[in-house]
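User: I have a chain open on my screen and would like to talk through how its pieces pack together. Could we go through it step by step?

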Amino acid sequence: MIRIAVCEDNIKDLAHLLHILGKTNILCDITEYQDAESMLYDVESCGRKFDLFLLDIYLPGMTGVEAARCIRAQYKNALLAFLSTSEDFYREAFDLYAFHYLIKPVQETSLSEVLQMASDIINSPEETLRISFGGEDTILRQPEISYVSSSNHILLFHMQNGATHTSYGKLDEIQPRLAEHCFVRCHKSFIVNIRHVTKLTKEGFYIEDTLIPISRTYTASAKESYKKLLFDVF
């Protein structure tokens with residue numbers, strides 16, 4: 001199932017989008033908003049989580065681009081798709097790593113392709129991780145994991161939004177289940193998602209203000225993985 005937030009103030013355009021979404025073979029859980037402020041309140045204050053945001057650019061009050069910046073600040077891997085009658089905001093969409101840019105009136109084939117691509121990403125084995133603790137299972141999205149720490153056979157999964165999830169296990173057991181192009185062992189007690197690393201110093205990796213130490217054993221491989229990421233990005 002794809003959790004979709006649709007933010008569109010034009011009633012006709014909203015009805016058109018919902019009609020297309022209702023015809024797709026992909027199971028969708030859709031929440032409708034007519035302004036960005038109410039959507040951001042649900043996301044930032046109520047903890048609502050969405051896999052895909054369909055954002056009209058011309059909204060009353062805060063624009064779709066401004067809302068996208070707020071979403072991106074909290075969820076760096078959110079799938080953002082803009083809806084607009086013009087191509088004037090392509091540059092802003094590019095800067096925000098938008099997933100797609102749909103021109104109105106939105107064509108059924110175009111939106112169906114976006115949904116299929118989103119579904120492929122969300123349901124990819126590398127996108128999710130199932131963990132257990134206290135008899136309860138939790139499914140985490142791997143791109144939202146900042147780093148994993150370990151102590152006394154307890155694993156802590158530190159998420160981008162500040163949440164922490166707990167599981168039994170060892171880093172040696174969990175590492176093969178993590179996407180190898182993102183997660184790097186840098187210490188006997190830490191695995192870091194290098195896509196969230198903001199800087200590398202002599203002390204170790206930094207994710208914003210959080211220091212993830214690099215031990216001598218893992219120095220060469222950890223730094224090489226980080227340099228490769230920088231090369232691939234730039």
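User: At roughly what angle do the axes of H1 and H5 cross?

Analyst: First a word on the source: this is a predicted model, in which local features need pLDDT of at least 70 and side-chain atom pairs count only at pLDDT 80 or more, while totals for chains, interfaces and linings use all residues. Residues are numbered from 1 along each chain as its sequence is written, and side-chain values use heavy atoms, with hydrogens and water left out. The axes of helix H1 (residues 11-23) and helix H5 (residues 108-122) come within 10 Å and cross at roughly 60 degrees. Axes here are lines fitted to C-alpha atoms, for helices over the stretch in contact, with angles running from 0 to 180 degrees between N-to-C directions; helices (H or I, at least four residues) and strands (E, at least two) are DSSP runs numbered from the N terminus.

User: What does that make the pair, and which residues in H1 and H5 meet?

Analyst: H1 and H5 are therefore oblique to each other, given that angles under 35 degrees count as roughly parallel, over 145 as roughly antiparallel, 65 to 115 as roughly perpendicular and the rest as oblique. Leu 17, Ile 20, Leu 21 and Lys 23 in H1 meet Glu 108, Leu 111 and Leu 115 in H5, where contact means heavy atoms within 4.5 Å. These residues divide into 5 nonpolar, no polar and 2 charged, with Ala, Val, Leu, Ile, Met, Phe, Trp, Tyr, Cys and Pro counted as nonpolar, Asp, Glu, Lys and Arg as charged, and the others, Gly among them, as polar.

User: And how do H2 and H3 lie relative to each other?

Analyst: Helix H2 (residues 36-45) and helix H3 (residues 64-74) have axes that come within 10 Å and cross at roughly 10 degrees, so H2 and H3 are roughly parallel to each other. On the H2 side the contact is made by Ala 36, Met 39, Leu 40, Val 43 and Glu 44, and on the H3 side by Ala 67, Cys 70, Ile 71 and Gln 74. Sorted by type, the residues of this contact are 7 nonpolar, 1 polar and 1 charged.

User: While we're on H2, is Asp 42 buried or exposed?

Analyst: Asp 42, which sits in helix H2, is buried, with a relative accessible area of 18%; buried means under 20% relative accessible area, exposed over 50%, and partly exposed in between (1.4 Å probe, protein chains only). Leaving aside neighbours within four places in sequence, Asp 42 is in contact with Tyr 33, Gly 47 and Arg 48.

User: Switching to strands, how many residues of E4 are buried?

Analyst: In strand E4 (residues 79-84), 6 of the 6 residues are buried, so E4 is largely enclosed by the rest of the structure. Leu 79, Ala 81 and Leu 83 point one way from E4, while Leu 80, Phe 82 and Ser 84 point the other way. In a regular strand the side chains alternate between the two faces of the sheet.

User: Which strand pairs with E4?

Analyst: Strand E3 (residues 52-56) pairs with E4 in the parallel sense over 5 bridges, and pairing requires that DSSP finds at least two bridges between two strands. The bridge partner of Leu 52 in E4 is Leu 79.

User: What is the strand order in the open sheet of 5 strands?

Analyst: The order is E10-E9-E8-E12-E11, with antiparallel pairing. Strand E10 (164-168) and strand E11 (183-187) stand at the edges, each with a single partner strand, so one side of each is left without a neighbour in the sheet.
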